[in-house]
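Subject: Two-chain model, handover

Dear colleague,

Here is the structure you asked for, with the sequence. My notes follow below it.

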Amino acid sequence: MLETRSDVLQGTLDLMVLKTLDVMGSMHGYALARRIEQISEDAVSLNQGTIYPALLRLQQCGWISAEWGVSDSNRRAKFYTITRSGKKQLILETRSWEKIAVTMARILGSSRPTP
Amino acid sequence: MNRFVALLKTLASRTLAIFRTSGAERDLDEELQTHLNLAIEENLRKGMAPEVARSAALRAFGGVTQTKESYRTQRGLPFLPVLLQDLRFGFRQLYKSPGFALVAIGSLALGIGASVAVFSVVRAVLLDPYPYKDANRMVHVELRDKSTLHGRLLPVTSTEFKDLQQLAAVDDVFLMDNSRQALTGDSLPISVDVGNYSANLFTYMGVPPLLGREFTPADAPGGNANPVAVLSYLFWKKQYGGQPGIIGKSIELDHTLYTVIGVANPRFTWGDSDVYVPGNFKADPHYYMLPFIKIKPGVTHESLIAELQPLVDRYARQDPTNFPQGTKVAIVTLNEEILGNFQSALLMLFGAVLLLLLIGCANVSILMLARGVARQHEFAVRSSVGAGRSRILRQLLTESIMLSMTGAAFGVLLAYRGVDLIATNLPIYSFPHEASAAIHVNGTVLLFAVGIALLTGILFGLSPAWQLSRAEVSSLTQSNSSRMAGSLRGRHTHRALIAGQVALTMLLLASAGAAMRAFLTLSKTPLGINPDNVFFMGLSLPKGAPQTWQYLANSQESIRNAAESTQGVESASVSTTWLPPFGGFRGKIAVSSNPNLTDAQAELALVSPTIFTTLQLPLLSGRFFTPEEDARAAHVALVNRTFVKRYFPDGDPLGKNVRSPALKMDNPHLVATDKPDDWLQIIGVVEDSRNDGLDRPVQPQIFFPDSFVLDTNTFLIVRAKSNPAATMRAVAQSIHRLNPGIFVVQQHDIGWLLDTQGWATERFLAAIFALFAVLALLLAATGIYSVVSYTVSQRTREFGVRMALGARRASVVRLVLESSLLTVAIGAVIGIVLSISLSKFIATSSHATIRDPLMLAGVSALLLVVTALACLYPTWRAASIEPMQALRLE
């Protein structure tokens, strides 16, 4: 399937972050990065550092908000939460992905299977 | 929608982030540190050794520096700090080379300043001169017929005015009737221009007053017992010192009291009236006034003409004297009427100033190229440490735009003064006075300045930037190469720039030459009379004077006599309809010896017998009429040479008869002698003198005794022995002593008339083109000087070698001079070719053309002399260095 160490598109990374925060609630940057790695079953490995510009971007768009807090291991960390407009964006993006998936399935399914 | 809102929020956040960097840096550091620590913790829990845990965590993270860099790029507006860095660097560069900065910024300031100044004038005069509402729908109705080249405005009576109001194409129309009245009061009476307008003037114009209020139809005489008046802004400032207390006070015009209700807007100068009064127009079939129509939106000029022509035809049938056969209606817009040829002259001026700007830009380009070669080392270093081509390009463009913006800033300062200079020298009658108040540097003009600065910066910066950004790293090791010869490509560019500058300068010089020729030709036009020390005066008898022919004839003669007897006066005459060099009264005539002549016209001058001495108009044959003949309005006349040539081609006019039906006027304001249109005997022929302006041929003219037609106004032409100004005052006093009720309506000397109406435009254009040509020459000379200096300094070693081998100084000089002068000559030829091919568009006046070989030769010589000097100086200086010194130069 997917190759290891593929470049992840900016937009899809944003979507993954939003979805993760929506499902899991508030998280800090490290937890988020690890969670995305786990969920995609390590098929998508990204440099963990790339999550930080993405998080900033999402903040600038107003889709997530950030607050300093304390982690489980008593370290000071910045926690991110999805906002209402972020949730709206998530729904919009999910819908458009689903549309793409359906269209692709139709195209790929319509051709006769190769012998 | 969500995305759009997100975009705006992002932009706002990034802009704000510029101001809060330090705290953000600390936060980021802390956050990333936490991330790494958590990763190391997890790795330790998995059982890795501490060192392995750490390196695994770092590996999984990816580059920390890269992450920080991407984060910073995302956070702020990345181009801003880079821009600031480039600007700081550029400024330091300029500071280190003051010579370059001076010439570059100076050239730009000159070019941009001149462009901004001219644009201010063009914007105010051409683009938006009128403050009146819907001025683009206001039109002038002109009557044109075969005999006259130019039309005159349609006059209507108050009944005919009602016809105009009914027309379907007409949205609104107002009437104007100007008269000069005496402002009497506590001090000496002065004459003012009173505009009698229909009461809808201000509602038609839609310009709110500066103070008080304007009159409305409710203030029309008859409706409102108290006559009201609105003062013009200029008159209010001049006469009442700009005091607001005048509102509500009364002023007395021709012994009628008016209450001042307001002061008009500074830009409201319609008719140049001093006082605006709602008029009481009597239903007089002989009293004509001027109508001004505003057409309905969407209606074409043709539709209006279609409606007006039948009306005018009807008037022509009723009054054939005033409406010659075949009178056609023409519609002229406000600007066309007033500006006429001046519009194209202004546009040409704008074109010329842009040429000046281009020449200035070429200078800066040349300088930047020369400097660029010196900076090649710097760019090679830059590109070797990783600056991409676009980065270097951006830096160079930033430097050139900074240069052009600085030049523009100084240019705008120059323009403030320049605009005032131009505005005060504009020919008075060539542009709408509504625009006067608007000729200054304003917001639009500043926007134009910024735009021009950006464009010029890119224009002159692009070529050097393009060439320099291609710097090769190999030149790092060849620091010596510059002394042997300049790069071939650079030489070609320099040549092209110089040739271009010279060509454009030639164009400007040729235009200036043509404009100056035109002015000189016009000002030297023989008038046929001697205008030195001659002045004219318009006088008005007091109201209530008896209107009998005898009284008016006596009064006119006594006024003339009083003037002539004044100390310092050589001769005084009445001239009711002719003020040389312009025409006044043209009418139909008939000649007894040629009854088949129809549609013959002539200028009809009502004059005293002394007019010929006053104007020094020579008598060719026959005699003048005598004062006695004038007193009894004898039917005698003189004609001018053109009249004889046209109507008596092979005979002697003396003794023949001529008459003009135009002299029989059904106007109750004029008093005529018995049968003024009866046959007159020609008793003399005089030389031709201008009677239709300076640039049109002399019209046939008949001179009648002035007593033929009289009214309460008298027009005098007076020759002073010397000092016309003092003599004018003396004559005014003599007349005041004769009858204190008479007041002077206007007085000027003929010189003033010629200056303001004869050749004002030509003089203005000649002056301003000459200025531009001189500036262009200066700029081009600077450019040539720069190139030659630079080339020579490049070749210093070569000169040293040559001279050491025995070449004479003069031959080295000739070497350089030859190539430079060749370039200049090519440029000059291109310039001449351009001038000749564009001569149609550049024709500012019909008096002189660019295709004048003598003029072209003259300006070419000037150009060559100046450019030769510019080449010679640096060349000679270089050749003066001792050969050994030159060889040692590194």
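A note on terms before the helix pair: axes are lines fitted to C-alpha atoms, for helices over the stretch in contact, and angles run from 0 to 180 degrees between N-to-C directions. Helices (H or I, at least four residues) and strands (E, at least two) are DSSP runs numbered from the N terminus. This is a predicted model, in which local features need pLDDT of at least 70 and side-chain atom pairs count only at pLDDT 80 or more, while totals for chains, interfaces and linings use all residues. Residues are numbered from 1 along each chain as its sequence is written, and chains are lettered from A and ligands numbered from 1 in the order in which they are written.

The axes of α3(A) and α4(B), residues 64–75 of chain B, come within 8 Å and cross at roughly 15°. The two helices are therefore roughly parallel (angles under 35 degrees). On the α3(A) side the contact (C-beta atoms, placed from the backbone, within 7 Å) is made by A:Tyr52, A:Pro53, A:Leu56 and A:Arg57; α4(B) supplies B:Thr67, B:Ser70, B:Tyr71, B:Gln74 and B:Arg75.

Over the whole interface, 24 residues of chain A are in contact with 25 residues of chain B. α3(A) gives the most to the chain A side, with 6 residues.

Over residues 1–8 of chain A, pLDDT stays under 50. Where pLDDT is low, the predicted coordinates should not be read in detail.

Regards

Definitions and conventions
Two residues are in contact if their C-beta atoms, placed from the backbone, lie within 7 Å. pLDDT is the predictor's confidence in each residue, from 0 to 100. Angles under 35 degrees count as roughly parallel, over 145 as roughly antiparallel, 65 to 115 as roughly perpendicular and the rest as oblique.
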